[in-house]
Amino acid sequence: MAETSVSGLRERKKLRTRATLIEAAAELCLRQGFDNTTVDQIAAAADVSPRTFSRYFPTKDSVIAAIADELDAYIAGALEHQPTDITEYEALLLAHLEVFGPALDHQTQAFKGMAVLIQIVNASSSLNASAFAFQRASANASVAVLSRRMGQPPDHPAVRMVIDVWTWLFAASFAGLGQPGNEPIESRIVCDRMCASFELFRRSWLPWSEPQREPERTSDSDSNPPQAR
């Protein structure tokens, strides 16, 4: 019993240290920029040694990427209950809209974390938003949920294709936000951009030279439109 208690205490201490490192890294990067922040500075701000830092995170990039972990858990939870009769892209869009809450008069906890991440990434000359997002999409909780929805393993080409396309659409939704001359980092703005990117993607699946057309009816007197071809 005592051994279990000691083990639990040790695990809680590890979680607190990890959270402190993430918080310290975020504060430093927001104040002085990611490119001007070092591992030694993060470790000092968290009151641990650089060696201790390396036991939790292999690089400076990875501690910033960890900010997205909580967001990913929220997205995975929302993705779990999306309808199965819609495309995976639509399910991902609905999950993000649910988690970010664009219609709310306050920012959700998940979006607050995302806003910090967006600000750090967009202000950095070395962190490319798209490349950073691709790195985060490798093996996270939402990928696991998506693979179950599709009935395929996470490394199946179809699953990877959906993730890669969605990652690009998502990265495009926050590019430049919070920077001089650009829009502020707000849930409504990010969600509007996501929807716009998604609609552009969906529109690109049709012949671009032709206007979008309503499905033809078999006769003017038909009360029900035929199935789309």
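Guide: Contact here means heavy atoms within 4.5 Å. This is a predicted model.

Visitor: Which residues of H5 and H9 meet?
Guide: Asp72, Ile75, Ala76, Leu79 and Glu80 in H5 meet residues of H9. Their partners are Ala141, Ser142, Val145, Leu146, Arg148 and Arg149.

Visitor: Why are H5 and H9 called roughly parallel?
Guide: Look at the angle. H5 and helix H9 (residues 141-150) pack at about 20 degrees. Angles under 35 degrees count as roughly parallel. So H5 and H9 are roughly parallel to each other. Their axes lie 7 Å apart, and the crossing is left-handed.

Visitor: What makes H6 roughly antiparallel to H11?
Guide: Again, the angle. The axes of helix H6 (residues 88-100) and helix H11 (residues 187-203) cross at roughly 170 degrees. The cut-off is over 145. Therefore H6 is roughly antiparallel to H11. The two axes come within 10 Å. The contact of H6 with H11 has 10 nonpolar, two polar and two charged residues. Among the residues that meet are Tyr89 and Phe100 in H6, and Ser187 and Arg202 in H11.

Visitor: How do you know which element gives the most to the lining of the second largest pocket?
Guide: By its residues: H7 gives seven. The lining has 19 residues. Helix H1 (2-32), helix H5 (67-80) and helix H7 (109-122) are the elements that each give two or more. Ile22, Ile67, Glu70, Gly113 and Val116 lie nearest the pocket's centre.

Visitor: What classes make up the lining of that pocket?
Guide: It has 11 nonpolar, two polar and six charged residues. The space in the pocket is about 330 Å³.

Terms used. Residues are numbered from 1 along each chain as its sequence is written. This is a predicted model: local features need pLDDT of at least 70, side-chain atom pairs count only at pLDDT 80 or more; totals for chains, interfaces and linings use all residues. Side-chain values use heavy atoms; hydrogens and water are left out. On a 1 Å grid over the protein atoms alone, a cavity is a set of points where a 1.4 Å probe fits but cannot get out, and a pocket is an open set with protein on both sides within 12 Å along at least five of seven lines; lining residues have an atom within 4 Å of a point. Grid points are joined across faces, edges and corners, and a volume is the space filled by probe spheres set on the points. Helices (H or I, at least four residues) and strands (E, at least two) are DSSP runs, numbered from the N terminus. Ala, Val, Leu, Ile, Met, Phe, Trp, Tyr, Cys and Pro count as nonpolar, Asp, Glu, Lys and Arg as charged, and the others, Gly among them, as polar. Axes are lines fitted to C-alpha atoms, for helices over the stretch in contact, and angles run from 0 to 180 degrees between N-to-C directions. Angles under 35 degrees count as roughly parallel, over 145 as roughly antiparallel, 65 to 115 as roughly perpendicular and the rest as oblique. A crossing is left-handed if the near helix is turned anticlockwise from the far one by less than a right angle, and right-handed if clockwise.
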